[in-house]
Amino acid sequence: MTAYELPKVWKWEDENSDLGGNRPTAGSRFEQTLPVGEAPFQLYSLGTPNGIKATIMFEELKELGVDVDYDVYLINIGDGDQFGSDFVDINPNSKIPALVDYSQKPRLEIFESGSILLYLAEKFNKLIPTDIHGRTETMNWLFWQIGAGPYVGGGFGHFFAYAPEPMKYPIDRFTMETKRQLDLLNKTLGKRPYIAGDEYTIADIVNWSWYGRLALGDLYKGSAEFLDIQSYPKVLEWARRIAERPAVKKGLEVEYKPIKD
């Protein structure tokens with residue numbers, strides 16, 4: 001392996017110059033017209049760990065008897081759909097999921113998965129406790145996942161599954177942090193049935209989408225054995241239990257409509 005020489009000023013080498021590749025700049029790259037269905041909520045997403053949070057949330061609300069209708073459209077991040085002008089108008093950060101609530105006048109744009117879950121929970125007064133202690137604990141774990149998740153996805157997952165070649169230093173670093181997080185969840189779930197307490201909340205949805213599916217071996221091939229998931233029995237039991245919820249199954253199987261003909 002060639003030693004990397006740190007430059008005084010970093011310069012982009014145009015490694016990912018295709019339409020969907022990453023660049024050190026933000027903003028739209030092309031004109032785009034996103035379809036808008038007839039439902040009050042228009043969701044633009046993909047079945048990634050962050051994307052499924054929103055579809056699971058909608059399906060959980062339906063299971064609770066909430067009259068909530070939504071259309072969901074596929075944003076193919078490999079094709080660069082997230083950099084189109086219409087999508088960037090909804091989410092200037094060009095990440096999925098992104099949601100538009102047309103029941104508000106003018107329309108209301110919501111982006112970032114945690115923000116979407118919190119918005120829907122508060123709008124319909126579901127899946128979030130109303131007492132200050134329960135609500136605060138739910139918020140604690142909601143924001144914990146948003147802050148901790150990148151270590152699992154962009155850190156562990158990237159270097160374990162997607163990097164051009166195995167590299168000991170980043171794999172060791174992010175594996176250690178991922179296992180620390182799993183240990184934290186395992187200890188927490190050893191005290192109570194759900195992430196934030198005795199009731200299923202948005203804290204479970206947001207965390208299951210990453211840590212639950214990681215424990216079940218659904219994120220990165222071979223990672224369950226590599227991480228010794230069996231040593232986190234409380235996480236594994238919780239992950240399996242959540243996976244059996246009807247709304248979770250429906251949220252994972254939702255059909256995404258194409259944005260192009």
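1. A word on the ground rules. This is a predicted model, in which local features need pLDDT of at least 70 and side-chain atom pairs count only at pLDDT 80 or more, while totals for chains, interfaces and linings use all residues. Residues are numbered from 1 along each chain as its sequence is written, and side-chain values use heavy atoms, with hydrogens and water left out.

2. Let's begin with strand 3 (residues 98–101). Helices (H or I, at least four residues) and strands (E, at least two) are DSSP runs, numbered from the N terminus. Strand 3 runs antiparallel to strand 1 (residues 41–45), and four bridges join them; two strands pair if DSSP finds at least two bridges between them. Gln-42 stands opposite Val-100 of strand 3.

3. Strand 3 also pairs with strand 4 (residues 108–111), again antiparallel and over four bridges. A hairpin of six residues connects strand 3 to strand 4, and Leu-99 has Ile-110 as its bridge partner in strand 4.

4. Are the faces of strand 3 covered or open? Both are covered: Ala-98 and Val-100 are buried on one side, Leu-99 and Asp-101 on the other. Buried means under 20% relative accessible area, exposed over 50%, and partly exposed in between (1.4 Å probe, protein chains only).

5. Now for helix 9 (residues 246–253), whose buried residues are Ala-247, Val-248 and Gly-251. They lie on the same side of helix 9 because they cover an arc of only 100° around the axis, taken from the directions from the helix axis to the C-beta atoms. Their cover includes helix 1 (51–63), helix 6 (202–215) and helix 8 (233–243), where contact means heavy atoms within 4.5 Å.

6. The structure holds 14 aromatic pairs. In one of them, the ring centres of Phe-156 and Tyr-220 are 6.1 Å apart and the planes are at 70°, so the pair is edge-to-face. Rings of Phe, Tyr and Trp (its six-membered ring) pair if their centres lie within 6.5 Å; planes under 30 degrees apart count as stacked, over 60 as edge-to-face and the rest as tilted. Phe-156 is in helix 4 (residues 132–162) and Tyr-220 in the loop between helix 6 and helix 7 (223–226), 64 residues apart. Phe-156 is buried at 2% relative accessibility, and Tyr-220 is buried at 7%.

7. Finally, ring pairs link Phe-156, Phe-160, Tyr-162, Tyr-220 and Phe-226 into a cluster.
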